[in-house]
Amino acid sequence: MAASGGGRVVWVNGPIVIGAGPAGLSVAACLNERGVPSVVLDRADCVASLWQHRTYDRLRLHLPRRFCELPGMPFPDHYPEYPDKAQFVAYLEAYAARFGVRPRFNQSVTSARYDSAAGLWRVHAQAHDEDGVVTEYISRWLVVATGENAERVLPEIHGMEDFDGPVSHVSEYKSGAPYRGKRVLVVGCGNSGMEVSLDLCHHNALPAMVVRDSKVHVLPREMLGVATFSVAVFLLRFLPLWLVDRILVVLAWMFLGNLEKLGIRRPSGAGPLELKNARGRTPVLDIGALARIRSGDIEVVPGIRRLFRGGAELVDGCRVAADAVIMATGYHSNVPQWLKGSDFFTQEGYPRVPFPDGWKGESGLYSVGFTRRGLSGVASDAVKVAQDIARAWKHQTATR
């Protein structure tokens, strides 16, 4: 069907799913298993574009694979406990193929709005081609599955225009090979900052990790051969979250020592699980960076006051030389940029209702992948959303 202005109008006999990452694939697969058709839209040219195009080569799943499976399909038996980037992407592509999920790629959603008069969602998406045709997709249901990491966070640092080396976001980083022998400031001490600093060491670069004014929980990835996350999940079956958090902090102290001596401070209030659930601040799972910090291969420095030609002045007044700056400063949701006329999401792009009830809004609006609980949260939401839509869809088709 043609629309005024040369665009097209497409009626979707099922939900519109925005996003073809793990969240979008999961809910579309669960819908297909229940006989409900859907249309999946994504601005990129492939599934899981964050993993395929915006992650570093050495990346692995931070949690054991059993906590990262999507609904209806386990990881292959030959996969390691912590699958690498290529293995996870292969798993996602096989998942889409198995459940018949065929996203419509290169479709950038510019707006989605509920038409209360018609009782329908109207989604406008622009094609990534020379014509840039805008298609209006119309459906009774809309599933927001663009996730928590849609857009880069790039803080402004005074003097960036004076710095004579490259300043890039970690999404552009693939490996430390181009930085061999160079002095690199890595801004951020989360999982990405730690792992990029470690990777730079492996390529004989000279990293300095900038710990800004934030405090971070650092946990060992494993303790005596058992995944720390597995220990936490087991303890949560019997103990309240606050007590499990205290146990984790004590165990981290026992296994990792006093990190303040290394320039890394732990938050004094909320524990690692509480911070993750409430604010989305993931604890760092150490895979070797702390040993390199102790050996002096990774220098830990305070925040940057300003950049200048050839280096940076830190907030303590010291100066450090640098040939490049890598911003390991994370990502944020982009939902408020295109979802119009709805207060289901906050200005930060998260559902206002916290987990486990933030998956369903009003007027056929749903969300998947905003639980701050990683892939296990994605799987939980996808099943709930698919079940709810399937009931409504079957009732609607039965009454026609």
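1. Strands here are DSSP runs of E with at least two residues, helices are DSSP runs of H or I with at least four residues, and both are numbered from the N terminus; two strands are said to pair if DSSP finds at least two bridges between them. The model is a predicted one, in which local features need pLDDT of at least 70 and side-chain atom pairs count only at pLDDT 80 or more, while totals for chains, interfaces and linings use all residues. Residues are numbered from 1 along each chain as its sequence is written, and side-chain values use heavy atoms, with hydrogens and water left out.

2. S10 also pairs with strand S11 (residues 206–210), in the parallel sense and over 5 bridges, with Val-187 standing opposite Val-210 in S11. Because 4 of the 5 residues of S10 are buried, the strand is largely enclosed by the rest of the structure; buried means under 20% relative accessible area, exposed over 50%, and partly exposed in between, with a 1.4 Å probe and protein chains only.

3. The open sheet to which these strands belong has 5 strands in the order S9-S20-S10-S11-S16, with parallel pairing. Strand S9 (167–169) and strand S16 (299–301) stand at the edges with a single partner strand each, so one side of each has no neighbour in the sheet. From one strand to the next the twist averages 25°, where axes are lines fitted to C-alpha atoms (for helices over the stretch in contact) and angles run from 0 to 180 degrees between N-to-C directions.

4. Together, S10, H4 and S11 make a right-handed β-α-β unit; a crossover counts as right-handed if, with the strands pointing away from the viewer, the path from the first strand over the helix to the second runs clockwise.

5. An open sheet of 5 strands has the order S1-S6-S5-S4-S22 with mixed pairing, and its edge strands, S1 (8–11) and S22 (339–340), each pair on one side only. S1 and strand S6 (residues 134–139) pair in the parallel sense over 4 bridges, and Val-9 stands opposite Glu-136 in S6.

6. In helix H7 (residues 272–279), the residues Pro-272, Leu-273, Leu-275 and Lys-276 are buried. Seen down the axis of H7, the buried residues fall within an arc of 165°, so they line one face of the helix; the arc is that of the directions from the helix axis to the C-beta atoms. Their cover includes strand S12 (218–220), helix H5 (228–236) and helix H6 (241–256). Gly-280, whose phi is positive, near 75°, follows H7.

7. A search of the whole structure finds 15 aromatic pairs, rings of Phe, Tyr and Trp (its six-membered ring) being paired if their centres lie within 6.5 Å, with planes under 30 degrees apart counted as stacked, over 60 as edge-to-face and the rest as tilted. The rings of Phe-75 and Phe-88 have centres 6.2 Å apart and planes at 40°, so the pair is tilted. Since Phe-75 lies in the loop between helix H2 (49–53) and helix H3 (85–98) and Phe-88 in helix H3, the pair ties together parts that are 13 residues apart in sequence. Phe-75 is buried at a relative accessible area of 3%, and Phe-88 is buried at 0% relative accessibility. Ring pairs link Trp-51, Phe-75, Tyr-79, Phe-88, Tyr-91, Tyr-95 and Phe-99 into a cluster.

8. Ser-367 lies in strand S23 (residues 365–367) and is buried, with a relative accessible area of 1%. Leaving aside neighbours within four places in sequence, the contacts of Ser-367 (heavy atoms within 4.5 Å) include Phe-344, Phe-345, Trp-359 and Asp-381. Both Phe-344 and Phe-345 are buried.
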